[in-house]
Amino acid sequence: MSVVLHSPDGSPHENNTDNREKPAPNRSGGAGRLTALDAARGLAVIGMFLQHFALNERNAFVAGNTTLLFVLCGGISYSIMAGRMKERGTDATVFRSRMLARAVFVDVIGYLLILLNTPYGIILPAYAAMFVLALVLVHRSTRALVYTTLALLLLAPPLMLLGMSVLSGAYLLQDIAGGPMSALALAPAFVAGMVIGRLDLTNKRRVMSLAICGSITLVISKAIGAYVLPDLSIAFKSWLVSVQGPHATPPDPYAIWPLNADPPLWHMLLATTPHTASTFQTLIGLGIALLVVGLMFLVPRKMIVILTPFAAVGRVALTMYAAQFVVVWVLTLLGVEYSLSEISLGDLLVVVITLVIGWILARLPNGPLESIMRRFDQIFSSFGSAPTLK
């Protein structure tokens with residue numbers, strides 16, 4: 001029986017197995033792909049398109065939060081793929097080789113997109129780093145993953161701010177732990193996704209709990225952001241000024257490391273604005289992400305067709321993600337204004353266009369970048385299956 005496995009970026013990976021799976025209400029066409037997860041990933045991609053092409057007051061909630069949803073879905077797929085390979089008795093080195101290959105491929109694509117120098121941040125290098133770093137956690141207990149998520153929510157923000165200061169001249173290390181777009185900053189969402197990927201997502205009570213947990217997290221985090229953090233942030237900034245001095249001398253760029261580093265932007269620890277990666281901004285984004293994933297899996301089987309357009313975008317997520325930056329680059333070169341935020345219903349137009357493009361690409365066996373990455377994986381897999389010389 002042919003089964004399509006989730007890859008961490010959403011691309012399918014086909015393997016042959018005789019293992020039987022229980023019927024799942026959110027699986028599409030017996031192909032083994034969780035339609036609800038694809039739909040959640042597709043919504044994340046659509047949210048990114050909205051943020052880059054038609055951001056306005058009506059859809060401002062997508063800014064930053066869709067990135068965390070995208071990363072959460074990646075963590076879920078990571079656990080699903082690892083779990084299925086373990087169930088079939090596949091050697092752990094095969095999974096490691098595929099993740100390392102995938103990390104290299106995604107990293108290269110990310111740096112090529114960075115080379116275009118569009119005004120938007122690229123998370124692919126950080127995403128690639130998470131593929132590698134998660135290998136340390138993938139075979140740990142679920143309890144260990146939960147504790148790791150909680151620890152990262154508290155420790156990742158100050159560490160990534162410190163990394164943004166002292167690692168600013170080292171691009172690879174900066175991708176790992178240097179700022180809000182680094183792997184360390186996004187790791188809480190990815191590891192939380194790894195926890196969710198181990199749950200029975202066909203169990204309505206489990207996914208209902210996810211949606212409720214997301215709602216509670218969102219409401220509490222929003223309330224803290226609205227009523228507690230403003231005054232606390234002012235007091236914290238005043239304390240920082242008293243400690244650092246109102247006119248702190250900038251570091252000498254020609255001094256040896258780390259004396260050439262700018263001071264960490266500690267005031268970001270209490271921020272809730274998009275892409276600050278503070279504990280509070282991450283909790284808000286995680287709350288939304290958990291709510292979305294839970295709602296997607298709660299869609300009854302008879303109504304699963306309503307998720308199909310969004311799942312189509314999710315199946316070619318890597319291609320769609322890269323395409324938006326290429327479009328921005330091309331239109332900028334041509335001197336064409338690409339923002340539709342001032343146009344009436346411009347955001348709706350962006351959603352429709354994104355769905356149409358995703359549907360067209362999903363008609364292919366795989367998306368363009370997904371197909372190339374799959375071949376890249378197979379090269380590494382063939383090395384892993386080579387006979388040992390004696």
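Guide: Axes are lines fitted to C-alpha atoms, for helices over the stretch in contact, and angles run from 0 to 180 degrees between N-to-C directions. In this predicted model, local features need pLDDT of at least 70 and side-chain atom pairs pLDDT 80 or more, while totals for chains, interfaces and linings use all residues. Residues are numbered from 1 along each chain as its sequence is written, and side-chain values use heavy atoms, without hydrogens and water.

Visitor: Are H1 and H12 roughly parallel or roughly antiparallel to each other, and how do you know?

Guide: H1 (residues 35-53) and H12 (residues 317-333) pack at about 5°, with axes 10 Å apart. Angles under 35 degrees count as roughly parallel, over 145 as roughly antiparallel, 65 to 115 as roughly perpendicular and the rest as oblique. H1 and H12 are therefore roughly parallel. H1 contributes Arg-41, Val-45, Met-48, Phe-49, His-52 and Phe-53 to the contact (heavy atoms within 4.5 Å), and among the H12 residues are Met-320, Tyr-321 and Phe-325.

Visitor: What makes Arg-41 and Asp-38 a salt bridge?

Guide: The term needs a side-chain nitrogen of Lys or Arg within 4 Å of a carboxyl oxygen of Asp or Glu. Arg-41 and Asp-38 meet at 3.2 Å, N to O, so the pair qualifies. The two residues are three apart in H1, which puts about one helical turn between them. Both are buried (under 20% relative accessible area; exposed is over 50%, partly exposed in between, with a 1.4 Å probe and protein chains only).

Visitor: How many salt bridges does the structure hold?

Guide: The structure holds three. Another joins Arg-58 to Asp-347, with the closest N and O atoms 2.9 Å apart. That pair links distant parts of the chain, Arg-58 in the loop between H1 and H2 and Asp-347 in H13, 289 residues apart.

Visitor: Where do Arg-102 and Asp-377 come in?

Guide: Their side chains form a salt bridge at 1.6 Å, N to O. This pair too links distant parts of the chain: Arg-102 lies in H3 and Asp-377 in H14, 275 residues apart. Arg-102 and Asp-377 are both buried.

Visitor: How do you know that the span of H8 agrees with its 24 residues?

Guide: Helices are DSSP runs of H or I with at least four residues, numbered from the N terminus. The expected span is 1.5 Å times one less than the number of residues. For H8 (residues 204-227) that gives 34 Å, and the end C-alpha atoms are 34 Å apart, so the values agree. The buried residues of H8 pack against H7 and H10; Leu-210, Gly-214 and Leu-218 are among them.

Visitor: What caps the N-terminal end of H8?

Guide: Asn-203 does, with a side-chain oxygen 2.9 Å from the backbone nitrogen of Arg-205.

Visitor: Why is H2 called mostly covered?

Guide: In H2, 20 of 23 residues are buried. Gly-89, with a positive phi near 80°, follows H2.

Visitor: What does Asp-252 count as?

Guide: Asp-252 has 41% relative accessibility, so it counts as partly exposed. Asp-252 sits in the loop between H9 and H10. Leaving out residues up to four places away in sequence, Asp-252 touches Leu-259 and Asn-260.

Notes. A polar contact is a pair of N or O atoms within 3.5 Å; within protein, one must be able to donate a hydrogen and the other to accept it, and residues adjacent in sequence count only if both atoms are side-chain atoms.
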